[in-house]
Amino acid sequence: MGSTDFENVIKGYGLTTAKILYHYPDYPGVLQTFVWQDYDNAPRFPVLSKFIKFWHDEIEGPLHSVLVSHNGLVKPAEWRAAKAELVLH
């Protein structure tokens with residue numbers, strides 16, 4: 001991860017995964033799956049939108065659906081207090 005990636009994470013970008021279903025160009029009744037991952041900013045997803053536009057303009061397989069999941073990588077530390085302590089020899 002380069003310095004620009006780190007700066008983007010600080011700005012709110014997180015790991016975004018898109019499961020793209022598209023029609024196979026030679027057999028329109030067959031669906032293929034493509035998985036895409038990159039750092040993107042929710043909820044507008046500018047990087048994914050740019051990729052989808054590229055797909056629409058340059059690739060023959062028409063899109064069927066896109067399922068998006070996003071996880072912000074920078075968040076407060078998760079901790080909880082211990083209720084008991086067990087000591088063994």
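Which residue of strand 3 does Tyr22 stand opposite?

View 1. Tyr22 sits opposite Leu63 of strand 3. This is a predicted model, where local features need pLDDT of at least 70, side-chain atom pairs count only at pLDDT 80 or more, and totals for chains, interfaces and linings use all residues. Numbering starts from 1 along each chain as its sequence is written, and side-chain values use heavy atoms, with hydrogens and water left out. Strands here are DSSP E runs of at least two residues, helices H or I runs of at least four, numbered from the N terminus. Strand 1 and strand 3 pair antiparallel over nine bridges (pairing takes at least two DSSP bridges between two strands).

View 2. Three strands run in the order 2-1-3, with antiparallel pairing. Strand 2 and strand 3 (63-72) are the edges, each pairing on one side only.

**View 3. The largest nonpolar core.** Eight residues make it up: Ala18, Ile20, Tyr22, Trp36, Phe45, Leu48, Phe51 and Trp55. Such a core is a set of buried Ala, Val, Leu, Ile, Met, Phe, Trp, Tyr and Cys residues joined through side-chain atoms within 4.5 Å; buried means under 20% relative accessible area, exposed over 50%, partly exposed in between (1.4 Å probe, protein chains only).

**View 4. The loop between strand 2 and helix 2.** Pro43 lies in this loop, and the peptide bond from Ala42 to Pro43 is cis, with omega near 5°. Phe45 is in the loop too, and its phi is near 50°, a positive value in a non-glycine residue. Phe45 counts as buried because its relative accessibility is 17%.
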